[in-house]
Structures are given as C-alpha cells and as structure tokens.
Amino acid sequence: MVRHAALGLAELHKLGSMHGHVRPENLWVDNHQHVQLMIHPLWPPEPVNMNAPDPTGTLLASADYMAPELGDPTKAPDVLTDVYSLGSTLYQLLAGEVPFPGGDIRQKLAR
C-alpha cells in the first residue's frame, strides 16, 4: 500500500506538484487494493500558519505527519516533506501509533 502511495507521489512530483498533506486520512484504498492519494482542492500545499485558528483540529492532526522544517513559517511543502510524511504514515501503519504522540503542533515538530 505504501509502495502504491509512493509511486503516486513520484508521479505527482514529476509534474512539479507537491501533495503537502500526506497522511492516512488522505490515502484511499479501492476495491482492487490500489492506493490513491487524495488531494483536497481547498487545501493547497503552502507554509503552515501555526498561529491560525484550528477549530476542527485538522492542523494538529496533520502535525503528526509533518516534517520538522515545516515549523518555519516561510517553508512550503516540497518533495522532501512529502517523503517525510509518507514515512510517518508508514510508521503508523506498522506501529499502530503516530511517531510522536501527544503535545501541541510546535512540540510535535520539535520532536
């Protein structure tokens, strides 16, 4: 499953696009056990604003899969941050928990 996601990510990157939100909730498994990366059209890859309101907790949930360098407010998601997120997703699939559970967004990125 992760291999399929990685192949999809590679194709996206070949097109010069970034996903920016790779996490288990954005992987879809079809009836043939193929994995597809889902991209939210209203959530383009952009620098993370950790001071923005997060009433739904989406940013906090995404922080479990975010590369530490995304803590820099000028850093936009790129190929390397997508690969980091896919690795964090693989970790959760294997271990049954996120790599750095607990804490707020800044604490998660610092760990």
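The side chain of Lys108 lies 3.4 Å from the backbone oxygen of Gly102 in this predicted model, a polar contact being a pair of N or O atoms within 3.5 Å, one able to donate a hydrogen and the other to accept it, with residues adjacent in sequence counted only if both atoms are side-chain atoms. Lys108 belongs to helix α4, residues 105-110, and is buried at a relative accessible area of 9% (buried: under 20%, with a 1.4 Å probe and protein chains only). Beyond four places away in sequence, Lys108 touches Leu60, Ala63, Asp64, Phe100, Pro101, Gly102 and Gly103, contact meaning heavy atoms within 4.5 Å.

The chain contains four helices and two strands, arranged along the sequence as α-β-β-α-α-α (DSSP runs of H or I with at least four residues, and of E with at least two, numbered from the N terminus). The radius of gyration is 14 Å, close to the 13 Å given by the globule rule for 111 residues, so the chain is as compact as a globular protein of that length; the radius is taken over C-alpha atoms, and the rule is 2.2 Å times the number of residues to the power 0.38. Of the 111 residues, 32% are buried. Among contacts with a separation of 6 or more, 57% are between residues 24 or more positions apart.

Residues are numbered from 1 along each chain as its sequence is written, and side-chain values use heavy atoms, leaving out hydrogens and water. As the model is predicted, local features need pLDDT of at least 70 and side-chain atom pairs count only at pLDDT 80 or more, whereas totals for chains, interfaces and linings use all residues.

How values were computed
Buried < 20%, exposed > 50% of the residue type's maximum accessible area, 1.4 Å probe, protein only.
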